[in-house]
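Subject: Structure for your attention

Dear colleague,

Please find below the structure that I am handing over to you.

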Amino acid sequence: MRFFGEPIEFEKQAGIGGPVWLGRAESGEALQAFAVAAHRADGRLAALWGSDERRRSGCFRVHCVFGFMAGHIRVSLDLPAEHPVYPDLSGIFPAASRMQRATRDLVGIATAGGDQRPWLRHGAWPADWYPLRHDAAQLANAGAGFPNAPSDYDFVPVGGEGAHEIPVGPIHAGIIEPGHFRFSVIGERVLRLEQRLGYQHKGVEKLFVGRNLAEGARLAGRVSGDSTCAYAWAYASAVEAACGASPPPRALGLRALMLERERVANHLGDLGALGNDAALAFGFSQFMRLKEDWLRLNAKLFGQRFMMDRIVPGGTTLDLEAPALRAIVEQCEAVGREVKALGKIYDEHAGLQDRFLTTGAIDADLARELSLTGVAARATGLILDARAHRQGYTPPPPWAMLGVRPATDERGDVAARAAVRFAEIVESLRLLRELAVGLPDSEVCVEAPPQPGGDGLGVIEGWRGEVLVGVALDGEGRLARVHPHDPSWQAWPALEHAVMRDIVPDFPLINKSFNLSYSGADL
Amino acid sequence: MNIFGFLGQLFAIALALLLAPLLTGWVNQCRAWLQNRSAPPLLQPYYMLHKLFLKDVVLAHGASPLFRFAPFVVFGCMVLACAIIPTLSTDLPFAPAADTIALVGVFGLARIFISLAAMDVGTAFGTLGGRREMLVGFLAEPALLMVIFTTAMISQSTSVATIVETLAHRDFIIYPSLAFAGIAFTFVSFAENARVPVDNPATHLELTMIHEAMILEYSGRHLALIEWAASLKLYAYSCLGLALFFPWGIAEGNSVAGLLLAIPVLVAKLAIGGALLAVIETINAKVRIFRAPEFLGTAFLFAVLGLLVRLLLETQS
């Protein structure tokens with residue numbers, strides 16, 4: 001099968017996950033031409049990573065995943081072992097830039113042209129050593145490690161009368177994840193924001209190498225703790241595609257139940273934090289109380305507040321009995337009432353709305369250009385939700401039967417992102433009730449025997465946006481390469497745009513309205 | 001001036017030093033209750049001061065003597081302010097030392113020193129906070145002066161003690177001008193004391209801070225003095241507001257009985273005022289920083305209205 005008349009043969013990935021087509025480009029030019037065609041077809045760059053295949057096929061490989069209305073397309077390109085260079089895609093998809101730089105830092109395959117500054121390498125290892133290569137001695141793990149050299153970073157300077165810089169982080173006044181923000185400002189007005197991330201780099205992709213499938217599932221659930229269900233499901237979905245396993249219907253229902261509970265918990269927390277950042281501490285304590293009750297029921301029913309390790313390749317590790325499902329329905333009703341009341345308070349609070357409206361606005365064109373997905377994209381009016389039907393796309397089970405209504409808003413500002421969260425809570429509560437009432441009867445887990453040499457891609461609509469996990473197995477059925485991709489990769493640059501034209505003291509509010517993952521993108 | 005007057009003055013200062021952290025603790029408690037949180041102990045600010053005084057001071061490499069000197073100046077200014085504002089009695093030996101205009105100057109001096117100290121070590125946040133503090137300050141001061149002029153016109157004196165004596169101990173007259181002045185004063189107090197809706201005393205977001213951004217580099221006893229001074233400032237503003245607009249209960253002389261009666265009245269008034277402050281802080285969100293000038297512009301407008309009402313309507317009486 002071919003797309004857009006480009007000379008790349010695609011094969012549809014087996015299994016019951018979202019529609020994914022896999023193909024191989026013959027040359028860098030073919031990859032570039034496909035990217036241009038994808039861009040013209042309103043596609044987006046969903047993920048980009050590299051792998052070292054020298055043991056099996058004597059080459060390096062770069063994988064690009066493009067997202068379209070109808071599904072996802074993964075294009076792989078083999079690169080010679082001696083001089084692994086591929087064409088720069090950041091001119092076509094700006095989101096490619098940081099992924100390409102991270103790929104160069106980790107695997108040592110570079111682009112011809114484009115931004116050549118390091119991204120994840122902060123001086124913790126030398127520039128000519130690549131942790132994800134097979135022959136990289138496991139120095140870092142052996143405890144000896146490399147001397148931690150301080151690394152300079154060339155921020156883009158901004159000149160002009162009265163322009164100056166405000167460096168913020170990576171250590172902040174509050175207890176949050178580390179990231180460095182370099183503001184170029186005139187007075188309070190932000191001219192430019194440049195982020196430097198990677199402080200949370202902990203070698204997750206290296207840790208996957210050589211593990212068995214069960215160990216991989218545990219690790220995937222820990223890439224970004226707030227999205228543990230999304231990652232675990234995306235990983236399980238990729239492994240199931242690679243191994244030809246099909247999870248039973250009840251397992252899919254339970255997974256959806258957990259994913260929606262994760263979404264509601266995070267949205268509740270974000271809405272409270274948005275109030276807090278505008279100094280409306282009342283909203284913060286109310287939403288935090290709701291979130292805490294929500295997490296406590298998680299602990300009671302799933303044995304873990306964030307439901308870690310409950311989704312595994314082949315199904316789920318637990319089943320819910322009727323009383324548990326009843327408790328979920330009851331809680332949905334109670335929380336629904338409270339969220340409605342709080343939503344009214346937020347909507348009618350003049351001071352809060354004054355902070356929210358027009359702050360940190362981005363439009364749909366920019367969102368599309370930056371390959372944005374998730375809450376931030378839907379808040380600009382893009383109808384992008386892997387759970388919902390759209391033209392030419394039928395969501396995978398169990399979503400198809402549920403008729404998910406994606407929440408959108410066209411304003412693109414903080415108020416829109418808050419409104420989308422409110423609407424998604426309401427929709428998720430409806431889904432949770434339907435799932436709990438109509439959970440099909442079957443077993444909850446089947447065997448997923450490792451398939452040596454298998455390879456798959458899983459896509460899940462997490463609460464923040466689209467979570468992808470690419471999995472490749474080695475000849476013994478162990479994990480050869482796993483790439484977890486967080487939607488924050490695409491959303492961090494969108495935040496840089498959102499804060500332009502706004503003022504410095506509004507940044508925390510704008511940042512919170514995106515609430516991006518550091519851990520998920522720093523890997 | 002007699003020895004009683006002197007002792008009364010010393011007692012008032014000691015009371016200010018003691019009550020100020022308590023007022024901060026009380027406001028924090030009320031805020032917590034209103035937000036459905038369990039409240040910190042009432043004495044928490046004292047524990048905080050105790051802890052900070054025991055801690056070592058960490059100084060930035062580039063800190064000049066000004067940086068070390070500033071907390072003492074700020075603290076001194078606030079103690080002086082508390083000394084010339086009648087809290088318990090209007091018979092204050094220190095009162096002739098400074099009138100209300102000088103009082104505004106004392107607050108201004110403290111502001112200048114803390115802003116200079118914030119810029120002294122050269123961090124981005126200090127400069128940011130210092131700049132914002134000056135923005136708020138230069139708008140708040142004229143409004144405060146206007147409020148004071150209104151009350152000064154009523155009592156024909158700019159001495160705080162005389163104003164309070166006039167308002168509290170003469171025949172009870174309703175002055176409409178004071179209503180406008182009172183609103184303006186409330187607005188100014190919120191801005192000057194870094195409270196919501198102008199600033200957020202509880203924030204951990206360094207980019208939105210005003211007061212907190214200026215003191216980020218302070219530690220140990222310096223920070224303790226600044227925290228104590230911030231409490232004293234809130235206390236001084238509360239007492240000034242009470243003295244100007246609700247002066248009843250302040251003793252005329254320094255009789256022991258009068259002072260003994262004045263203390264519970266003052267504590268009750270502060271408790272009510274603190275609770276109201278917490279309510280206002282809880283129901284409001286913080287405004288965008290460029291709305292702060294509008295907020296203080298409104299305060300100025302009210303203060304001018306008060307003055308005009310006084311000039312046009314009340315001078316015949």
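I begin with chain B, in which 51% of the 317 residues count as buried. Please bear in mind throughout that this is a predicted model.

Chain B contains eleven helices and zero strands. Read from the N terminus, its elements follow the order α-α-α-α-α-α-α-α-α-α-α. Its radius of gyration is 19 Å, close to the 20 Å given by the globule rule for 317 residues, and chain B is therefore as compact as a globular protein of that length. The C-alpha trace of chain B extends over about 60 × 45 × 45 Å along its principal axes. As to the contacts in chain B with a separation of 6 or more, 81% of them are between residues 24 or more positions apart.

Chain A, by comparison, has both kinds of element, with 18 helices and 15 strands. For its 523 residues the globule rule gives 24 Å, and the radius of gyration of chain A, at 22 Å, is close to that value, so chain A is as compact as a globular protein of that length. Its C-alpha trace spans about 70 × 65 × 50 Å along the principal axes. Of the 523 residues in chain A, 54% are buried. Where contacts in chain A link residues at least 6 apart in sequence, 67% of them join residues at least 24 apart.

Chain A is also divided by the domain assignment, which gives domain 1 (10-131), domain 2 (163-196) and domain 3 (204-497 + 512-522). Between domain 2 of chain A and domain 3 of chain A, the C-alpha centres are 29 Å apart. The contact between these two domains involves six residues of domain 2 of chain A and four residues of domain 3 of chain A. On the domain 2 side of chain A that touches domain 3 of chain A, there are two nonpolar, two polar and two charged residues.

Finally, I turn to the interface between the chains. How many residues of each chain are in contact with the other? There are 23 residues on chain B and 26 on chain A. The side of chain B that touches chain A comprises eleven nonpolar, eight polar and four charged residues.

With kind regards

Technical notes: Residues numbered from 1 in each chain as written. Chains lettered and ligands numbered in written order. Predicted model: local features only at pLDDT ≥ 70, side-chain atom pairs only at ≥ 80, totals over all residues. Helix = DSSP H or I, 4+ residues; strand = E, 2+ residues; numbered from the N terminus. Rg over C-alpha atoms; globule rule 2.2 N^0.38 Å. Buried ≥ 20, exposed ≤ 12 C-beta atoms within 10 Å, placed from the backbone. Contact = placed C-beta atoms within 7 Å. Nonpolar A, V, L, I, M, F, W, Y, C, P; charged D, E, K, R; others polar. Domains from an automatic or database assignment.
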